[in-house]
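Look at the sequence and structure first.

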Amino acid sequence: MDFQYFDSHCHVQGSEYDTDRDDLLTALAKSKIGMTVVGVDREASQSAVALAEKHENIFAAVGQHPTDTNEPFVMSAFEILAKNPRTVAIGECGLDYFRADNHDTARATQIPLLESQIALAVSVNKPLMIHARPSKGTMDAYSEIIDVLKSAKREHGDMLIGNIHFFVGGIEEARAFLEMGFTISYTAVITFANDYDETIRYTPLRSILSETDSPYVSPAPNRGKRNSPFAVVDVVQAIARIRGENEETIRQAMIENATRVFGLGELA
Ligand SMILES: [Zn+2]
């Protein structure tokens with residue numbers, strides 16, 4: 001399938017789209033916008049796979065979000081989802097300390113959950129979709145994920161790759177992920193905040209993915225409203241503006257990068 005844009009991380013299986021999902025997905029397919037629909041728990045992962053099986057332009061990521069700790073991580077259930085040929089990544093998984101009351105308690109449950117999903121990604125040979133959100137004013141979630149990934153890389157080498165979604169780290173964190181062969185993705189936050197400009201310019205074009213994280217973070221004119229994967233167009237424009245590069249160059253690179261990271265070439 002030839003895409004015009006690729007949204008590497010969205011949640012269009014969510015209830016926010018229950019009233020108009022079919023219309024939205026039809027419009028997105030017509031505009032040749034490809035996307036990876038990401039699960040945050042077992043049910044959302046199952047719905048992501050179901051959408052991916054039905055739509056040529058949709059692929060699935062299956063996993064359990066670090067703050068989704070109400071249900072246990074059932075490896076056997078996720079294994080089945082992970083092996084589905086329409087599943088192109090494992091996650092979102094990672095570490096999230098933004099709202100944690102106690103860092104040590106949160107860490108004690110989140111690290112094993114992340115490690116289970118790293119093991120799953122290696123066993124099915126698919127990339128990780130990493131979520132990292134540090135506690136306010138720190139980079140704690142990033143530095144810990146870097147440590148976890150570094151030791152996993154020592155064991156698994158090039159078998160372990162992935163994308164760091166909704167990147168809010170700095171140059172130092174970006175460099176650590178890039179050295180491990182990971183990509184970094186940006187949402188429409190970059191249409192209204194300039195905190196990430198330096199990192200966007202620092203990161204080689206080959207290592208950037210475009211995403212929307214819909215329904216969250218709408219671009220500038222629609223802030224606060226429900227977002228959609230159409231906003232990936234705004235993200236591409238913002239990356240071009242920030243890097244001072246041609247929009248067409250960025251548009252094509254985002255498709256090439258997603259195709260490479262998610263192995264879409266073999267699925268087309
Ligand atoms: Zn997400």
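The model is predicted.

**H3 against H4**
- Helix H3 covers residues 75-83, and helix H4 covers residues 103-124.
- Their axes lie 10 Å apart, at an angle of about 40 degrees.
- H3 and H4 cross in a right-handed sense.
- From H3, the contact uses Met75, Phe78, Glu79, Ala82 and Lys83. From H4, it uses Ser116, Leu120 and Val124.
- By type, the residues of this H3–H4 contact are five nonpolar, one polar and two charged.

**H4 against H5**
- Helix H5 covers residues 140-156. H4 and H5 pack at about 35 degrees, with axes 11 Å apart.
- The H4–H5 crossing is right-handed.
- H4 brings His103, Ile111, Leu114, Glu115, Ile118 and Val122 to the contact. H5 brings Asp140, Val148, Ala152 and His156.
- Six residues of the H4–H5 contact are nonpolar, two are polar and two are charged.

**H5 itself**
- H5 has 17 residues, so at 1.5 Å a residue it should span 24 Å. The C-alpha atoms at its ends are 24 Å apart, which agrees.
- Buried residues in H5 are Ala141, Tyr142, Glu144, Ile145, Ile146, Leu149 and Ala152.
- The buried residues of H5 pack against strand S4 (87-96), H4, strand S5 (128-133) and helix H6 (171-179).

Terms used:
Residues numbered from 1 in each chain as written. Predicted model: local features only at pLDDT ≥ 70, side-chain atom pairs only at ≥ 80, totals over all residues. Axes fitted to C-alpha atoms, helices over the stretch in contact; angles between N-to-C directions. Helix = DSSP H or I, 4+ residues; strand = E, 2+ residues; numbered from the N terminus. Left-handed = near helix turned anticlockwise from the far one by under 90°. Contact = placed C-beta atoms within 7 Å. Nonpolar A, V, L, I, M, F, W, Y, C, P; charged D, E, K, R; others polar. Expected span 1.5 Å × (residues − 1). Buried ≥ 20, exposed ≤ 12 C-beta atoms within 10 Å, placed from the backbone.
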